[in-house]
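Please read the following account with the model open beside it. The paragraphs move from one kind of side-chain contact to another.

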Amino acid sequence: MLDARHDSFESDCRVECRKVQMIMTRNRILSRLVVLALLAPSLFAQQPKPATELQAGPPQSVAPQQINVLILGDSLALCGFGKRLDERFRKDPRVKSTYTYIACGTNPLSWLKDRPYTNIKTHCGFVSIESNGSGRPRELQDVYGMRRGHVPIPHAVPKIEDLVTALQPDILIMQTGTNLFDLFPDHKTVHPSRHGPALRGYLIPFVTKAVRNPSTLRKIYWVAAPTSGRVAKEVQDFVVGQIRADIGNIASVIDSRTLVPYPYRHMEPDKEHFLGEEMDMWADKVFDFVEQDLAQQPFAALKPLSEKAPTLAMTQEQPTPPAEEPKGQTLQVKAKLIFKTEPIPLNELLPYQEYLVGYVYEINRVVAGQYSENQILVMHPAYIGRKKQKLRYRIGKTYKLKLHELEETVWKTVKSKDDSGLINLQPYIRVQDETRHPEHAR
């Protein structure tokens with residue numbers, strides 16, 4: 001009897017337990033549903049938005065403009081400036097490609113196809129560093145000191161017309177100026193009426209060709225020469241001022257004299273070229289100037305400089321004083337030599353290979369052409385290819401001279417010296433000497 005009751009009790013407990021479990025399970029399900037209902041808004045808010053909603057959000061950042069840079073330089077750039085500046089631009093994340101060409105002995109016209117520089121070559125050093133689509137640029141280096149006794153071979157000077165078309169640069173860095181100082185025969189006296197138009201003749205043609213449509217250039221940085229110890233401050237001030245007056249409306253002019261202190265620690269005998277850390281300092285400060293200037297506005301907002309070409313043309317058309325005689329006319333005179341300038345030592349000539357010295361003659365008779373002065377300044381080659389020339393001219397002796405104005409020849413910016421002090425005289429060169437230049441235009 002007791003066993004039957006016990007069995008009945010266990011059976012009733014099992015039934016009741018099942019009821020309790022069913023109730024608890026139903027309650028858990030209901031609780032979960034309530035929680036899901038409460039969390040639904042936040043869960044749905046975390047789902048990915050449709051594409052239309054993403055487009056309506058804040059604008060995404062745009063990748064920086066990829067810039068193509070072209071660097072041109074003269075013998076000073078060969079001393080370290082060009083390579084250092086190339087490295088700075090090549091490491092800049094904004095720069096897509098960099099092309100650097102450095103040619104010793106050049107002036108702005110050397111980079112043009114116009115006569116007398118159409119086929120000009122540099123004989124005293126050349127470097128090119130070109131992006132080629134890989135991580136390492138293609139380089140050519142041919143300069144003094146590469147090996148013991150090494151002398152550079154001639155290299156054609158690249159032309160801005162070809163470079164702009166082929167490379168499509170956005171920025172041009174033009175380092176030049178020291179070779180223009182030889183437009184001042186005594187290296188200290190300035191004649192604005194003569195030297196202003198002469199300098200303009202070097203600046204305007206180059207910039208005009210550089211920005212001519214379809215040029216892609218948006219910025220030109222004109223790096224004027226650092227301090228020179230061989231010409232007076234008045235000459236250097238005039239050159240920088242003339243550059244700003246003639247092309248400052250289209251190029252940013254950098255006066256390098258403010259960037260590197262003078263005298264230089266590692267200065268060459270010509271008191272103009274220098275080496276070492278000061279070259280790096282010069283290049284770094286030029287790079288900083290460009291970098292700060294470009295940060296002023298988005299590069300993509302800059303308009304092509306070709307749109308400013310008409311303004312540049314107006315500058316070029318400024319009237320210049322009339323010449324005393326037709327350009328290119330041959331002058332023949334009988335004249336007595338009264339003064340000779342002694343040439344500099346060879347060690348002061350390097351890295352250049354040609355050099356002129358001024359001789360003053362007293363006019364006896366004008367045989368052909370027009371000339372109104374009583375004296376005439378004739379520039380004679382003292383060095384050609386670094387070889388000293390035999391100048392067999394004697395003071396007091398009369399010579400027949402067939403002359404061209406120096407300004408109309410390829411010799412016009414060759415290094416020179418004139419100790420006569422007769423800065424009022426226009427320099428000439430013998431026709432026979434004119435054709436002795438290694439790269440005389442034929």
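What follows concerns the disulfide and the salt bridges of this chain.

The model is a predicted one, in which local features require pLDDT of at least 70 and side-chain atom pairs count only at pLDDT 80 or more, whereas totals for chains, interfaces and linings use all residues. Residues are numbered from 1 along each chain as its sequence is written, and side-chain values rest on heavy atoms, with hydrogens and water left out.

The structure contains one disulfide, a term that here stands for a pair of cysteine sulfur atoms within 2.5 Å. The bond joins Cys 104 to Cys 124, with 2.1 Å between the sulfur atoms, and because the torsion about the S-S bond is about -100°, this disulfide is left-handed. The two partners come from distant parts of the chain, 20 residues apart: Cys 104 sits in the loop between β2 (95-103) and β3 (121-122), and Cys 124 in the loop between β3 and β4 (126-130). Helices and strands are DSSP runs numbered from the N terminus, the helices being H or I with at least four residues and the strands E with at least two. Both Cys 104 and Cys 124 are buried, where buried means under 20% relative accessible area, exposed means over 50% and partly exposed lies in between (1.4 Å probe, protein chains only). Cys 79, by contrast, takes part in no disulfide, and the nearest cysteine sulfur, that of Cys 104, lies 8.6 Å away; Cys 79 is itself buried, at a relative accessible area of 18%.

Searching the whole structure gives 25 salt bridges, each defined as a side-chain nitrogen of Lys or Arg within 4 Å of a carboxyl oxygen of Asp or Glu. One of them pairs Asp 114 with Lys 209, whose closest N and O atoms are 3.0 Å apart. Asp 114 is partly exposed at 34%, whereas Lys 209 is buried at 18%.

The relative accessible area is 19% for Arg 230, 5% for Asp 182 and 2% for Glu 272.
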